[in-house]
Structure formats: structure tokens, C-alpha cells
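User: Hello! I am new to this structure and would like to learn how to read it. Could you walk me through a few features?

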Amino acid sequence: LWIIDGPIFDDLNGGATPRLPPHQIAVPSAFYKIMIERHHGAPRAFAVIMPQSVRGNELPGEFLVSIHDIETKTRLQFLWKLPPQLRKNIESTPHKMW
């Protein structure tokens with residue numbers, strides 16, 4: 001099982017990221033989590049973006065996105081070592097939690 005997670009900042013997407021004084025610490029607008037596992041030899045993935053406004057009583061499926069959506073918002077490439085077609089299949093479709 002591979003787990004990748006981190007922050008999403010609005011300034012990467014044309015907005016302004018709020019900052020906390022006195023040191024101007026950036027406050028992310030959301031966090032992402034990607035979970036990938038091998039299932040019968042093939043990788044499968046689950047990805048969500050959780051906004052700062054989350055209340056805590058929501059189900060993870062309410063925040064389901066594709067890995068490509070996360071890559072667009074973070075400007076990161078997560079599965080770059082995979083063969084192109086396999087990477088495209090995993091990254092392009094939101095997958096429900098197994």
C-alpha cells in the first residue's frame with residue numbers, strides 16, 4: 001500500500017493563499033490523499049481532496065477525485081515512473097474505496 005498526501009494552496013490555482021502572521025505561514029485551502037495498492041497484480045487507487053471547511057462527519061466518498069485532478073491542483077506528477085497507458089488509466093478516473 002502506498003499513501004501520498006499533502007496540502008493544496010490556492011496561489012497555485014490563481015487565488016490568494018491566506019497567511020498567518022507574524023511569520024506569514026501559508027494556510028492550505030485543502031489537503032489531498034492518494035492511496036494505491038496492488039489488487040490481483042494490478043494497481044488500484046483511491047484519491048480525495050478534503051477542503052479546510054470539512055466538518056468531520058462527511059464520508060470520504062463525498063470528496064472523491066481523480067489523481068489527475070490532484071496533479072492539476074498541486075502541479076505535481078505522482079506516478080511518473082509507471083508505463084504511460086497504465087498511468088493514464090489509474091490517474092484519469094476517480095475510483096471508489098475498496
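This is a predicted model: local features need pLDDT of at least 70, side-chain atom pairs count only at pLDDT 80 or more; totals for chains, interfaces and linings use all residues.

User: Which residues have the most contacts inside the largest nonpolar core?

Analyst: In soluble globular proteins, nonpolar side chains tend to be buried together. A nonpolar core is a set of buried Ala, Val, Leu, Ile, Met, Phe, Trp, Tyr and Cys residues joined through side-chain atoms within 4.5 Å; buried means under 20% relative accessible area, exposed over 50%, and partly exposed in between (1.4 Å probe, protein chains only). Here the largest core has 14 residues, and Tyr32, Ile34, Ile49, Ile67, Ile70 and Phe78 have the most contacts inside it.

User: What does Ile34 touch?

Analyst: Contact means heavy atoms within 4.5 Å. Beyond residues up to four places away in sequence, Ile34 touches Trp2, Ile3, Ile4, Phe46, Ala47, Ile67, Ile70 and Phe78.

User: Is Pro60 buried, exposed or partly exposed, and what is its relative accessible area?

Analyst: Pro60 counts as partly exposed because its relative accessible area is 37%. Leaving aside neighbours within four places in sequence, Pro60 contacts Phe46 and Val48. Ala42 is 18 residues from Pro60 in sequence, and their C-alpha atoms are 23 Å apart.

User: Which residues does Glu71 contact?

Analyst: Setting aside neighbours within four places in sequence, they are Leu76, Gln77, Phe78, Leu79 and Glu91.

Key. Residues are numbered from 1 along each chain as its sequence is written. Side-chain values use heavy atoms; hydrogens and water are left out.
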